[in-house]
Amino acid sequence: MPARLLGEISAQLLFTPLAIRDVTFKNRIVIAPMATYSAVDGIAQDWHFAHLGRFALGGAGCVVVEATAVTDRGRITNGDVGIWSSAHIPPLKRIVDFMKAQGTIPAIQLAHAGRKGAMQRPWYGNGALTADDFARGEKMWPTVSASAEPMAPGHIVPHAMTPDELGELVQHWADAAKRAVDAGFEMIEIHNAHGYLVHQFLSPLSNKRNDAYGGDFAGRTRFPLEIAEAIRKVIPQGMPLFLRVSAVDGIDGGWTMDDTVAYAKELKTRGVDVIDCSSGGLVGSATVARIKRTWGFQVPYAERVRREAEMMSMAVGLIVEPSHAEEILQKGQADLIAIAREALVNPCWPQMAEVALGRPMTEALDDWTIQYGWWLKHRERSIADIRADEAVARKS
Ligand SMILES: Cc1cc2nc3c(=O)[nH]c(=O)nc-3n(C[C@H](O)[C@H](O)[C@H](O)COP(=O)(O)O)c2cc1C
């Protein structure tokens with residue numbers, strides 16, 4: 001492994017700490033929110049502790065807890081994590097405390113599914129609930145949206161929310177944010193992407209209202225901006241606020257990249273610090289965008305937000321090579337790199353990325369949790385000895 005030169009250390013960005021407001025991320029790798037549909041009545045389980053704990057042990061600068069419902073009716077499935085009552089706080093706090101002990105910034109994505117609620121867990125079909133799901137004990141609930149149009153035929157027709165109901169829901173988002181602060185989270189991300197409620201208000205394809213919350217860009221962004229404003233008001237000034245957007249719908253007549261840039265500028269004035277740039281999901285599954293998949297296919301969205309809205313952005317989507325992650329930062333395309341599925345394959349991705357980018361393993365291990373680092377340093381010495389013996393054997 002090549003030793004990293006001093007000049008290279010200062011030039012490298014992926015492992016250079018980043019301060020946002022009063023919070024310093026030890027590196028620029030964020031484990032993206034990944035819903036695991038394994039909560040009970042919205043309460044996080046041991047599963048969540050183990051699943052998220054792996055990422056904290058793996059050296060990520062920040063780990064974002066999966067889409068967490070701000071109200072019980074805001075869940076996608078019966079298994080979603082929620083934060084609509086104080087009973088949800090203790091198991092989340094346990095996860096938060098563990099992350100902090102590992103030097104990882106604990107973050108949470110607050111969400112409301114809107115018309116994409118009351119669905120099957122992905123492994124049961126990802127569609128509307130069926131008799132088989134009810135037999136498994138799954139419950140149904142009425143859903144809400146900008147307009148009374150279902151996501152697709154066969155799904156529940158949502159109730160079009162009244163302005164009064166929107167006001168109440170903004171308060172639920174703010175209350176959820178306060179609970180997240182009480183649980184000890186140090187960053188909040190608003191889930192504004194993938195066809196869930198806030199996205200349903202933004203996109204002209206799902207928002208057919210003709211009142212103050214629909215119509216033109218100002219109308220369609222009104223409710224989303226009210227949420228951002230309300231959350232910013234109740235969280236500490238020093239706490240970073242992220243927002244994940246579907247930068248484009250990828251459907252004719254839908255939300256566009258120009259809309260995203262204009263929206264980001266509005267969010268910036270309301271105290272949102274980072275735009276996390278995903279895409280698609282207005283119809284169909286959250287992660288199915290009608291956009292060609294290539295390595296880092298969503299990076300251009302993060303780049304445009306950063307350049308044109310002049311604010312921080314996070315790139316996500318098929319970023320798997322450490323050198324690619326570093327290159328994105330070096331080119332000024334994004335400020336942070338979010339990793340999702342690759343971290344399921346290898347929760348130590350950040351630690352191994354650092355080594356791949358040139359930091360000697362023996363040195364990198366100083367920053368691993370001592371329960372692993374101490375042993376692995378010994379193993380590194382054994383490996384070095386074996387290799388030296390092998391080199392001698394090859395020569396003789
Ligand atoms: C199992 C799984 C669950 C996901 N759940 C969420 C979620 O709760 N919120 C969200 O915004 N995106 C969610 N996503 C999308 C990821 O955060 C990420 O944007 C996407 O997987 C692309 O990144 P990747 O190529 O690094 O996996 C999920 C993805 C996966 C694989």
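A crossing of two helices is called right-handed if the near helix is turned clockwise from the far one by less than a right angle, and left-handed if anticlockwise. In this predicted model, helix α2 passes helix α3 in a right-handed crossing.

The axes of α2 (residues 46-57) and α3 (residues 89-101) come within 10 Å and cross at roughly 15 degrees. Angles under 35 degrees count as roughly parallel, and α2 and α3 are therefore roughly parallel to each other. On the α2 side, the contact is made by His48, Phe49, Leu52, Gly53 and Ala56, which meet Arg94, Ile95, Phe98 and Met99 of α3. By class, the residues of this contact between α2 and α3 comprise six nonpolar, two polar and one charged.

The ligand is surrounded by 20 residues, of which the closest are Ala32, Ala35, Ala67, Ala340 and Arg341. Two or more residues of this shell come from each of the elements β4 (62-69) and α11 (341-345). The shell around the ligand divides into 10 nonpolar, six polar and four charged residues.

The composition of the two residue groups is set out below.

At the level of the whole chain, the domain assignment gives domain 1 (6-359) and domain 2 (370-396). The C-alpha centres of domain 1 and domain 2 are 42 Å apart.

How values were computed
Residues are numbered from 1 along each chain as its sequence is written. This is a predicted model: local features need pLDDT of at least 70, side-chain atom pairs count only at pLDDT 80 or more; totals for chains, interfaces and linings use all residues. Axes are lines fitted to C-alpha atoms, for helices over the stretch in contact, and angles run from 0 to 180 degrees between N-to-C directions. Helices (H or I, at least four residues) and strands (E, at least two) are DSSP runs, numbered from the N terminus. Angles under 35 degrees count as roughly parallel, over 145 as roughly antiparallel, 65 to 115 as roughly perpendicular and the rest as oblique. Two residues are in contact if their C-beta atoms, placed from the backbone, lie within 7 Å. Ala, Val, Leu, Ile, Met, Phe, Trp, Tyr, Cys and Pro count as nonpolar, Asp, Glu, Lys and Arg as charged, and the others, Gly among them, as polar. Domain bounds come from an automatic or database domain assignment. A residue is near a molecule or strand if its C-beta atom, placed from the backbone, lies within 6 Å of it.
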